[in-house]
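My entries follow in the order in which I checked things.

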Amino acid sequence: MNKKTSSAGFRHQLGHFGDVVHDRWLRAPGWQRWIVYLLLIVCALLLPSESIGSFMSPDTDWATILFFPIGTYVVLAIGLNVVVGQAGLLDLGFVAFYAVGGYAMALLGTRMGWDFWVILVVGIGICALSGITLGAPTLRLRGDYLAIVTLGFGEIIRITARNTDSIGGPTGISGIPHPPNLSEDFELFGVKVFKYGVLDPRPYYYLLVALAVIVIILVKRWEKSRVGRAWAAIREDEDAAEVMGVPTFRFKMLAFAIGASIGGAMGVLWAAKSVSLNPNDFQFLLSATILAAVVMGGSGNLPGVMLGAFVVAWLPERFRELKDYRMLIFGAVLVALMIFRPEGLLPSRQRKAEFKEGSGGMGTLGAEVPGPESHGEEVASR
Amino acid sequence: MFSDFINQFWPASIDGLAFGSIYALIALGYTMVYGVLRLINFAHSEVFMIGTFGAMFVPFTLGIDSTLTGIALVGVILAMIVAGMLASAGTAIALEQVAYKPLRKRGASRLAALISAIGASIFLQELFALVVIPGVFDRPERGRIQMGLPRLMERSELFSIAGHPVRVDQVVVIVAAIGMMIALDALVNRTKIGRGIRATAQNPEAATLMGVDINNIVRMTFLIGGAMAGVAGALYLISYENTNYYIGFLFGIKAFTAAVLGGIGNLRGALVGGVVLGLVENYGAILVGSDWKHVISFTILILVLMFRPTGILGESLQQARA
C-alpha cells in the first residue's frame, strides 16, 4: 500500500517536473527556441562519431545502424504519426508506402536511369497518389475495420511484388544506383559529406537528417494550422467534427497522402543506399513495429514518437547478445506498456488529458462491458 | 483457362470445402469475441497456431511413425482434437486474462487493445519458435522450420464425385467441422451459458442487472472460441500434415475475412463466410494461378468491408432473439 502511494507520488513529481519544463518551453521567446533547435541538429550531425558509437552499439557499426534501422524508423514513425497520432486513423499497412517508394527508386533508377533527386520528387508524388488511391475507397471505414483493410492492402502490395516477375519477383531488384555525388572532396570532420559511395554510411545519414528536419518542420506547421485542428477534431469525434463543418473525408485523405509521402520519401532514400531490395523487406512486422513505436512513444507527440522509434530500433541492436529473444521481449513489452502506460512514454499534454477522460479518442473498449464491480462508478460518472 | 476451370472444378470444390471448414471454425472465435466485446481479437491467429501444436503433441509423445487403422486411428484423431482444444482454449483464456482484462477494466482505447494483441501475438510466436518447439518437440535450432506430421492414415478414396476422388481425410475435416458447428449452435441457443452470452452481446448493462456475471461470460466466450480454433488446428494438421510457428498469421486474416464475409458477430455467418471464402479462393486460384490465392482473399475482405460491411447474413449475435 505504502509502496504504491510513494511510487505514485514519485510519478506525480516527475510529471510535475515535466510540466514545468514544458511551460518554460512554451513561454520561451522564439530566439531561444531556435538556439535549442540548432543545438539539436548539431547533436544529430555529431551522433555518428565513434566515441558515441562505442557505447551505443559495441557489436555493430554505429553509423550503419544509425541509418537503418534507427533513422529509418524515426522518419517512418513521424510519417505514421500523422496518420495515427494526429488524424486517429489506424493504419496497419504503412509499410506499403515505404515499399512503393523503395520500388520507385529501384525501378526508375535501374530501368530508366533517372537521377536520385528526380526520383525522390517523383517517388513522393507516386506515394501521395497511392495514399489517395488507397484512402478513397477505404477511409469511409473506421477504427478496427480500417486497420484490417490497410493490413490487407499492405499484404496485397507485398504479394503482388513477389508474384510479378517484371519487377524482380521474389528475388527483387539489385544494382540500384546511389545518389550522384554533390561534391567529390568537400570534407567535414574527415567525412566526405556529399560523396555517396558504398562503404561510408555517414553521408546517407546526413541526407536522412536533412530529410527528417524538413519533414519535422512541415509536420509541425501542419499540426499548428487549420489542418492540424481538423485532424484533432476528427480524432476526438468524427461525427461531431462533421457536424461542425469539418470536411472529414478530405482531411482524412490529406493525412493519408502526407503520411504516405513521408513513408515513400524514406523508401526512396533507403533503396538508394541499400543497392538491392526484395519483397521480404516489407513484411507486416515492419508495419507493426512502426505502429508500436508510435504508440510506445506517445501517439500524437512528435518528440515522443521519435523517442519511441529510437528505442524500438536501437534496443534490439544494442543488446545483440539477446538476439534470439529480442522479439519475444518486444512482444511482452508491448503488452505491459498497454497495461501500465497506454498513453506512451512521452505523451503530449492534450493526449494525456484525453486519456484521463477515458478513450484517448479511439472509442473505448470496456465501456460496453462494465463488470459488476465497476458498474456503480460507470453510472456515477455520467 | 476456362477448360481448366471445368476440369478442376470438383477437386477445387472439395479442397475449398475442407479449407473453408477450417476457416469457419477459426472465424467463430473472432465472431464470438466481437459479438460480446466489440473487440477484434488480433491474437486469435496464435490460438489456432497453438492448437496445431497441441494436436501435434499427441502423435509426437506416442511416437507414431506408421499409418494406423481402426480403433487406434479413431482414438488418436479424437485425442488430437481434444489436445488441440485444450491447448487453444487455455491460450485464449490466458490471453484474455493477461492482455485484455486489465485494459477492459480501465476502459482503455481500442488502439491500446489492438497494440496489446499485436504484442501478445509476437510474444506467442516467438515463444513457440524459441522455447516450445525446440524444447517440447525436441527440435533444437529448428524452431523456425516447418514441422511435419507422420502420415496417420491411408489417404484412400472414399467415394467419387463426377469421377473425382474424395479422400478420407477431407471427409473427416468437413464432417468434424459440421459436427462442431451444430454443437456450438446448440450451446449458444439452448444452454444457460449461451443465453448469458447472447444477453451480454445485446446489452451488457441490462445483462449485469439480470444477474449475469459478465467476467465469467467473457471468459467462456474466449474459452469456446479458443476450443473451436483448437479443433481447426487439429483438423488442419491431420489433413495437411505440417505446421510452423508462423502459420497463424495467414489463417488468422483469412478467418477474419470469413467472419466479416458472413457478418461479424453472427455464428452461422462464420460458417457461411468460411465455406464461401474457401470455395472462392480455390476457384480463383484456378483462374489466375495459385500464387494469387492470398491476394484474392484480401481483395474479398476489402470489397466486403467497403460495400457490405454487415456481411452476407448481416444479423448478428446482438440482434439475435434471446
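**Entry 1: exposure.** I start with a cut-off. A residue is buried if 20 or more other C-beta atoms lie within 10 Å of its own, exposed if 12 or fewer, and partly exposed in between. I also note that this is a predicted model.

B:Glu241 has 15 C-beta neighbours inside 10 Å, so B:Glu241 counts as partly exposed. I found B:Glu241 in the loop between α8 (214-240) and β4 (242-243) of chain B. Its phi is near 60°, a positive value in a residue other than glycine.

Next I checked B:Arg38. B:Arg38 is in the loop between α1 and α2 (44-62) of chain B. Is B:Arg38 buried or exposed? I counted 23 C-beta neighbours inside 10 Å, so B:Arg38 is buried. Phi is positive here too, near 55°, and B:Arg38 is not a glycine.

Then I took A:Phe55, in helix α3 (residues 50-56) of chain A. A:Phe55 has 9 other C-beta atoms within 10 Å, so A:Phe55 is exposed. I also took a distance from A:Phe55 to A:Ile65, ten residues along the chain. Their C-alpha atoms are separated by 13 Å.

Which residues does A:Ala128 contact, leaving aside neighbours within four places in sequence? I found A:Ala257, A:Ala260 and A:Ser261. A:Asp200 is 72 residues from A:Ala128 along the chain, and their C-alpha atoms are 31 Å apart.

**Entry 2: chain A overall.** I counted 16 helices and two strands in chain A. Chain A has 382 residues, and 45% of these are buried. I then looked at contacts in chain A between residues at least 6 apart in sequence. Of these contacts, 74% join residues at least 24 apart.

**Entry 3: a helix pair in chain A.** I picked helix α4 (residues 62-86) and helix α13 (residues 302-318) of chain A. They pack at an angle of about 145°, and their axes are 8 Å apart. The crossing is right-handed. On the α4(A) side, I listed contact residues including A:Ile65, A:Tyr73 and A:Ala77. On the α13(A) side, A:Phe310 and A:Trp314 are among them. By class, I found 15 nonpolar, three polar and one charged.

The bond from A:Phe68 to A:Pro69 is cis, with omega near 10°. A:Pro69 is in helix α4 of chain A.

**Entry 4: where the chains meet.** How many residues does each chain bring to the contact? Chain A gives 47 and chain B gives 48. On the chain A side, α6 (116-138), α7 (143-163), α12 (284-297) and α14 (326-340) each supply at least two residues. The largest share, twelve residues, comes from α7(A). The chain A side has 28 nonpolar, 15 polar and four charged residues.

I followed α7(A) across to helix α11 (residues 293-307) of chain B. The two pack at about 150°, with axes 9 Å apart. Angles over 145 degrees count as roughly antiparallel. α7(A) and α11(B) are therefore roughly antiparallel to each other. Their crossing is left-handed. The residues that meet include A:Tyr145 and A:Ile148 in α7(A), and B:His294 and B:Phe298 in α11(B). I sorted the contact into ten nonpolar, four polar and one charged residues.

α11(B) also packs within its own chain. Helix α9 (residues 247-262) of chain B and α11(B) cross at roughly 35°, and their axes come within 10 Å. This crossing is left-handed. B:His294 of α11(B) is one of the residues in this contact, and B:Lys254 of α9(B) is another. The classes are seven nonpolar, three polar and one charged.

**Entry 5: the core.** The largest nonpolar core has 213 residues. Which of them touch the most other members? I found A:Ala77, B:Leu25 and B:Val231. Helix α1 (residues 2-37) of chain B gives the largest share of this core, 17 residues. Beyond four places in sequence, B:Leu25 touches B:Ala177, B:Met180, B:Met228, B:Ala229, B:Val231 and B:Ala232.

Terms used
Residues numbered from 1 in each chain as written. Chains lettered and ligands numbered in written order. Predicted model: local features only at pLDDT ≥ 70, side-chain atom pairs only at ≥ 80, totals over all residues. Contact = placed C-beta atoms within 7 Å. Helix = DSSP H or I, 4+ residues; strand = E, 2+ residues; numbered from the N terminus. Nonpolar A, V, L, I, M, F, W, Y, C, P; charged D, E, K, R; others polar. Axes fitted to C-alpha atoms, helices over the stretch in contact; angles between N-to-C directions. Parallel < 35°, antiparallel > 145°, perpendicular 65-115°, else oblique. Left-handed = near helix turned anticlockwise from the far one by under 90°. Core = buried A, V, L, I, M, F, W, Y, C linked by C-beta atoms within 7 Å.
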